[in-house]
Amino acid sequence: MKMPMPIKMVRRIGVVSLALAAVSACAGKAKNDVVVGPPPVEHIEMDPIKITAVKGPDGVHLETFDVAELFEHAGKALADKRFDDAITSYELLLKEFPGDTKYRLPSLYNEGLAYQAKKDWAKAAETFKKMQALAPDASDTKDALFQLGATYAEMGNWPTSGTIFAELLERKDMNADDKIEAYARRGFAQFQLKDLDTAERTFSTALYYYRSIEKEERLQTDFYLGLVKYHLAQIPHERFRAIPLRLPEKQMAKDMDDKARLLLSAQRQYIETIKMGNPQWASASGYQVGSLYEEFYDSFVHAPIPPDLMGDGNAEKREVYYEELRKKIRILLEKSLRTHEQNLLMLERLGVQNEWRDKSKLAFAKLQKMLDPSYKFDFADPTTAGSQTPAPPPPPTPAAPAGRPGSPETGGDGEPGTRDPKPTDRPPTGPERQIL
């Protein structure tokens, strides 16, 4: 049983013994002797201490702990992935030392990271918002807002996520990495809302900003620049997918031209992303270029056929039509096969093992089978062709780095970017900001 005795102490050390020694030495001096006064008293301000009376088997004894000790204990629990213990310790610190400004923001930030790790997005958002209310201009709060925007993204609340990153772009303490990330995440939120025009403007602004500073400032990570370039390819890719092939023949010719134009636009942007050299975005882009040709092929397979080929009496004509179409669209499959092969060779050269490599391997094997002369093409039912064109689900976006560079806390060891109180003389360890 604990009997709380809330004594909050600030220890001050006076150099009393030195002062007394100086006074006593002066007492026996002659008149002409120089009297030396006591040295100035030195005050050292320590972290607050909590003293608690604990009743045990041997009676009542006192236990003490200070704020630094409690903060260190919580940080170890977080590093060991004991997230509930970390949250409990940070909450205790915030409760028992409510007036401590040195540890309050770092504790809230780290507690938010613990809630994120538990995927308790609502609690994480609530914790990061407390920092915004307490100290909106603090650098830790800036990073908490990045975490808040990412947390709303995890919740699927894209409008609020986009708004948070728009607000961040108005801050005065944003470096180049911060701005590129904020633009990228804001554009990604708009992309998820299917507002392709607005997303395209946001991504284009990010690219324009980067080109304006690339000679003066070096980005510490190219991940978010890769996200920008990749989605500038995804937007025409999405528009390509949205265009159906329709009759009459004149309309279909126009639809084919529009799709071909968007295919080339998307392909050009994907190639630009590959040239940037980020392995994750390069592998994703290589896969998508191959997908473009296969999706164009699927559009032809599911396109409506001319009315004069409909009906049971025109089965033979349909077979001839399909055979000619098969010959014409074979080149799309060949292009797709070559692209996936090149992507796999690039990934092997870079030593990349990820889901994009696996997807390209599966696509390559499928295309090899389809290009075999004995393969039977499965065209759409002529009575439903053109009405149910399959929309392939977009592959997942490459995972963001575990930590984000941009400050002295950056390390790159992949662990969450936990916070220590400032100022501090600790060595730089751990990335600044965990990105989910």
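Student: How many aromatic pairs does the structure hold?
Tutor: This is a predicted model. Rings of Phe, Tyr and Trp pair if their centres lie within 6.5 Å. By that cut-off the number of aromatic pairs in the structure is 14.

Student: Are the rings of Tyr230 and Tyr270 stacked, edge-to-face or tilted?
Tutor: Their centres are 5.8 Å apart and their planes stand at 55°. Stacked needs planes under 30 degrees apart, and edge-to-face needs over 60.

Student: Is Tyr230 buried or exposed, and what about Tyr270?
Tutor: Buried means under 20% relative accessible area. Tyr230 has 1%, and Tyr270 has 0%. Tyr230 therefore counts as buried, and Tyr270 is likewise buried.

Student: What is the class of the pair formed by the rings of Tyr230 and Trp281?
Tutor: The ring centres of Tyr230 and Trp281 lie 4.9 Å apart. Their planes are at 45°, so the pair is tilted.

Student: Which helices does the pair of Tyr230 and Trp281 link?
Tutor: The pair joins distant parts of the chain, 51 residues apart. Trp281 itself is buried, at 0% relative accessibility. Tyr230 sits in helix H10 and Trp281 in helix H12, residues 279-301, which gives the two helices as H10 and H12.

Student: Which residue lies over the face of Phe240?
Tutor: A charge sits over a ring if NZ of Lys or CZ of Arg is within 6 Å of the ring centre and within 35 degrees of the ring normal. Here the distance from the ring centre of Phe240 is 4.2 Å, and the residue is Lys259.

Student: What does Ser299 contact, leaving aside its neighbours within four places in sequence?
Tutor: Ser299 is found in helix H12. Ser299 is buried, with a relative accessible area of 11%. Beyond those sequence neighbours, its contacts are Leu245 and Lys259.

Student: Are H8 and H10 roughly parallel or roughly antiparallel?
Tutor: The axes of helix H8, residues 176-192, and H10 come within 9 Å and cross at roughly 25°. Angles under 35 degrees count as roughly parallel. H8 and H10 are therefore roughly parallel.

Student: Is the crossing of H8 and H10 left-handed or right-handed?
Tutor: H8 contributes Ile180, Ala184 and Phe188, among others, to the contact. H10 contributes residues including Tyr224, Val228 and Ile235. The crossing is left-handed.

Student: At what angle do helix H2 and helix H4 pack?
Tutor: Helix H2 covers residues 67-79 and helix H4 residues 101-117, with their axes 11 Å apart. H2 is roughly parallel to H4, and their crossing is left-handed. The packing angle is about 20°.

Student: Which residues of H2 meet H4?
Tutor: On the H4 side, the residues are Tyr103, Pro106, Ser107, Asn110 and Ala114.

Conventions. Residues numbered from 1 in each chain as written. Predicted model: local features only at pLDDT ≥ 70, side-chain atom pairs only at ≥ 80, totals over all residues. Heavy atoms only, no water. Phe/Tyr/Trp six-rings, centres within 6.5 Å; stacked < 30°, edge-to-face > 60°. Buried < 20%, exposed > 50% of the residue type's maximum accessible area, 1.4 Å probe, protein only. Helix = DSSP H or I, 4+ residues; strand = E, 2+ residues; numbered from the N terminus. Axes fitted to C-alpha atoms, helices over the stretch in contact; angles between N-to-C directions. Parallel < 35°, antiparallel > 145°, perpendicular 65-115°, else oblique. Left-handed = near helix turned anticlockwise from the far one by under 90°. Contact = heavy atoms within 4.5 Å.
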